[in-house]
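Let's take a walk through this one, starting with the open spaces and ending with a strand. Keep the viewer open as you read.

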Amino acid sequence: LSGFDAANFMRRHWQRKPLLVRGAFATFVDPLSPREVLALAASDEASARLVQRRGKRWTLEHGPIPPRRIKQLPRRDWTVLVQDTNHFSAASQALLDAFAFIPHARVDDLMVSYAVPGGGVGPHVDSYDVFLVQGHGRRRWQVSTQSDVGFVPGLPLKILERFVPEHEWVLEAGDMLYLPPGVAHQGVAESECLTWSVGLRAPSDGEIVSGFLDHLQESPPAPGHYRDRTAGIARHRGEIPPALLAHAGATLRSIRWKERDVGEFMGRFLTEPKAHVYFTPPRRALCLARFAERGARLGVALDLKSRLMFSGRMFYMNGEALLPPPEARAALRRLADRRELPGPLVAGAAFWALAHAWYLQGFVRLHDREQGP
């Protein structure tokens, strides 16, 4: 980011108001070309959508989107969205790394929108922060802080029924627009274009509560059963016995958890891979000694799909919790922060044992100096 004051941004704009930054990336190069984006949209591994507008009618198709389908489309008014491009492209991950002032726990993915003239997804609101980085081509953005966020009924997309723009800009390569949650916006391509969307994760309270209750189920269940040895003859067979309700209330009130339980849940929750993500172990795996020798020389890096985070002494890799030996924690913290540790790398046996176990699962790989992480 060119001349971007991150501290000032976090103080004045973050989750407060939109910000347009002209020339945020002085010499911006798209992580993927339009052809590569469409090729990724055709892949079974990527999550892709095709959004098309015909007058007031909108259609949504889920990927894979094969080349023959693209050839059937008109010259205007459609866009292809591909999620998680950072899982498939080191250059996409490098673009995410430009936002290092935001913790990994808040970063969801880097989505790309390939659009032809007139293409877009309609006026809408998001429940999360987003940075929109313009790549190839031009896109016109309209923004509104309106409180009316009713949607058009009967559409496959959540498109605002009434949208009154307050600000309007045309973004070109390297320009960036930040939008906080709840700000209505619409982007329409003025030419064939690529727009890179840095989506920031903001789990709802409902997701956290539901996920935590599921997490607590992994603990041993509360002992005991309901007993009503002294119950008399039922006067109303359809009535739920008050004693049973009282027992249920007392049992639920007895549920307890510690801060450690909350920390472990959040670590697992925030690093859990998405449902469609899978990892590929190495075809010819190196033994521990050989891996450590090469890793010390070349360095190691997280797989593009991996998520590694820590809280205190605990570390979380792709939904799993572990307490590593003290001598391994400094190197693991650096790996969690940077996602790569280029060689030469000095680390102890405990670090190499853990890194090798992750390498066998496809979570970690040897660093490639030419390709980067």
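The largest pocket has a volume of about 930 Å³. Its lining counts 35 residues, and those closest to the centre are Arg49, Met111, His124, Asp126 and Tyr128. A quick word on terms: on a 1 Å grid over the protein atoms alone, a pocket is an open set of points where a 1.4 Å probe fits, with protein on both sides within 12 Å along at least five of seven lines, and lining residues have an atom within 4 Å of a point. The volume is the space filled by probe spheres set on the points, which are joined across faces, edges and corners.

Bear in mind that this is a predicted model, where local features need pLDDT of at least 70 and side-chain atom pairs count only at pLDDT 80 or more, while totals for chains, interfaces and linings use all residues. Residues are numbered from 1 along each chain as its sequence is written, and side-chain values use heavy atoms, with hydrogens and water left out.

Which elements build that lining? Two or more residues each come from β4 (78-82), β5 (107-115), β6 (130-134), β7 (139-144), β10 (184-189) and β11 (193-200). The top contributor is β5, with 5 residues. Strands here are DSSP runs of E with at least two residues, helices are runs of H or I with at least four, and both are numbered from the N terminus. By class, the lining holds 15 nonpolar, 12 polar and 8 charged residues. Nonpolar covers Ala, Val, Leu, Ile, Met, Phe, Trp, Tyr, Cys and Pro; charged covers Asp, Glu, Lys and Arg; the others, Gly among them, are polar.

Now for the second largest pocket, with about 530 Å³ of space. Of its 27 lining residues, His104, Val107, Asp108, Arg307 and Arg339 are the closest to the centre. Here α4 (90-97), β5, β13 (308-311) and α9 (326-338) each supply two or more residues, and α4 has the largest share, with 3.

As for its neighbours, β4 runs antiparallel to β2 (residues 48-54), joined by 5 bridges; pairing takes at least two DSSP bridges. Thr79 in β4 is the bridge partner of Val51. β4 also pairs with β5, again antiparallel, over 4 bridges, and there Val80 stands opposite Tyr114 in β5.
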